[in-house]
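Thanks for coming, everyone. I'll take you through one protein, a piece at a time. Please look at the structure first.

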Amino acid sequence: HTHRYLFRTRPNDSDTGMKYMENDHLVEWNFQTPPFPPYESEIFSGKILALHGAAVMDKQRKVTLILGIKGSGKTTISSYLVNSKGMSFLTDETVIIASGTDFVYPFPRKILPREIEKGKIIKNAYPAKDFMANISYVGGLVENVVFLNPVEDCDHFEVNSLTVHKSMTKLMENFQYIGTNIFDGIESFHLLSTKSSKELTYRSGDFSELKKGIECLWPNMNN
């Protein structure tokens with residue numbers, strides 16, 4: 001399979017030593033570790049749902065999803081919860097959920113934080129083990145969902161609880177295509193929408209306010 005989405009995290013200078021079949025020939029599969037499996041293939045059909053977000057897990061294997069648009073602070077918050085609050089890292093950028101359930105698979109791919117270098121914002125890449133203090137290689141069940149909502153005009157962070165309907169809508173907005181069908185995830189969408197769902201609104205780019213909002217939510221995540 002050579003579709004573009006399979007190679008969205010491929011580095012230019014990496015060789016995992018893995019190969020895949022293309023036109024009856026073995027071809028090098030140069031992904032960041034771990035590699036994206038060929039999710040569009042029949043073996044995965046109807047079995048997974050992917051969301052654009054990050055996931056962390058507590059010691060009771062209760063998972064918190066952190067969803068939001070590009071640059072909204074998902075990596076910032078997931079690393080903060082792992083490195084400062086003792087949670088375990090499951091994944092960043094792409095959350096893989098078993099279809100029909102709220103079970104999140106571990107997928108500790110490379111971390112791609114946005115950083116300022118020479119006055120420019122760039123996206124760097126770090127192995128998860130070099131960026132996160134605790135990495136889990138077992139999954140868990142979703143307990144909390146946090147939707148990040150950066151806005152231009154906001155003096156102070158706000159935390160609002162979402163209805164099931166609103167949560168369902170926002171979950172579907174964060175569907176990520178990796179060769180899967182959004183309709184295969186309807187049961188998972190419904191199940192996730194019944195979890196404790198909060199929307200955290202803060203001034204865009206003000207990550208100090210974002211962290212204050214997460215501190216406000218921390219007791220709910222750590223109950």
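Let me start with a cut-off. Angles under 35 degrees count as roughly parallel, over 145 as roughly antiparallel, 65 to 115 as roughly perpendicular, and the rest as oblique. Keep that in mind for the helix pairs. And please note that this is a predicted model.

Now the overview. The protein has 5 helices and 12 strands. It has 223 residues, and 47% of them are buried. Take the contacts between residues at least 6 apart in sequence. Of these, 67% join residues at least 24 apart.

First pair: helix 1 and helix 5. Helix 1 covers residues 74-85, and helix 5 covers residues 207-221. Their axes come within 11 Å and cross at roughly 55°. Helix 1 and helix 5 are therefore oblique to each other. The crossing of these two helices is right-handed.

Which residues in helix 1 and helix 5 meet? From helix 1, we have Thr-76, Ile-77, Tyr-80, Leu-81 and Lys-85. From helix 5, we have Phe-207, Leu-210, Lys-211, Ile-214, Glu-215, Trp-218 and Met-221. In the contact of helix 1 with helix 5, 8 residues are nonpolar, 1 is polar and 3 are charged.

Next, helix 3, residues 164-173. Its buried residues are Ser-167, Lys-170 and Leu-171. They sit on the same side of helix 3, because they cover an arc of only 105° around the axis. A reminder here: an α-helix has 3.6 residues a turn, so residues three or four places apart point the same way. On the other side of helix 3, His-165 and Glu-173 are exposed. What do the buried residues of helix 3 pack against? The list is strand 3, strand 4, strand 10, helix 4 and strand 12.

That brings us to helix 4, residues 186-193. Here Ser-188, Phe-189, Leu-192 and Ser-193 are buried. Looking down the axis of helix 4, these buried residues fall within an arc of 130°, so they line one face of the helix. Their cover includes helix 3 and several strands. Among those strands are strand 3 at 48-57, strand 4 at 62-67 and strand 6 at 94-98. Strand 10 at 140-151 and strand 12 at 196-203 are also included.

So how do helix 3 and helix 4 cross? Their axes come within 8 Å, at an angle of roughly 135°. Helix 3 and helix 4 are therefore oblique to each other. The crossing is right-handed. On the helix 3 side, the contact is made by Val-164, Ser-167, Met-168, Leu-171 and Met-172. On the helix 4 side, we find Ile-186, Phe-189, His-190, Leu-192 and Ser-193. By type, the residues of the contact of helix 3 with helix 4 divide into 7 nonpolar, 3 polar and no charged.

Let's stay with Met-172 for a moment. Met-172 belongs to helix 3. Met-172 is partly exposed, with a relative accessible area of 31%. Leave aside its neighbours within four places in sequence, and Met-172 is in contact with Ile-182, Ile-186 and Phe-189. Met-172 and Ser-193 are 21 residues apart along the chain, and their C-alpha atoms are separated by 9.9 Å.

Now another methionine, Met-132. Where does Met-132 lie? In the loop between helix 2, residues 128-131, and strand 10. At 4% relative accessibility, Met-132 counts as buried. Met-132 and Ser-78 are 54 residues apart in sequence, yet 9.0 Å apart in space, C-alpha to C-alpha.

Last stop: backbone angles. Arg-61 is not a glycine, but its phi is positive, near 65°. Arg-61 has its place in the loop between strand 3 and strand 4. Its relative accessible area is 42%, so Arg-61 is partly exposed.

Then there is Glu-93. This residue also is not a glycine, and its phi is positive, about 80°. Glu-93 is in the loop between strand 5, residues 88-91, and strand 6. Is Glu-93 buried or exposed? At 13% relative accessibility, Glu-93 counts as buried.

That's my tour. Over to you for questions.

Definitions and conventions: Residues numbered from 1 in each chain as written. Predicted model: local features only at pLDDT ≥ 70, side-chain atom pairs only at ≥ 80, totals over all residues. Heavy atoms only, no water. Buried < 20%, exposed > 50% of the residue type's maximum accessible area, 1.4 Å probe, protein only. Helix = DSSP H or I, 4+ residues; strand = E, 2+ residues; numbered from the N terminus. Arc of directions from axis to C-beta. Contact = heavy atoms within 4.5 Å. Axes fitted to C-alpha atoms, helices over the stretch in contact; angles between N-to-C directions. Left-handed = near helix turned anticlockwise from the far one by under 90°. Nonpolar A, V, L, I, M, F, W, Y, C, P; charged D, E, K, R; others polar.
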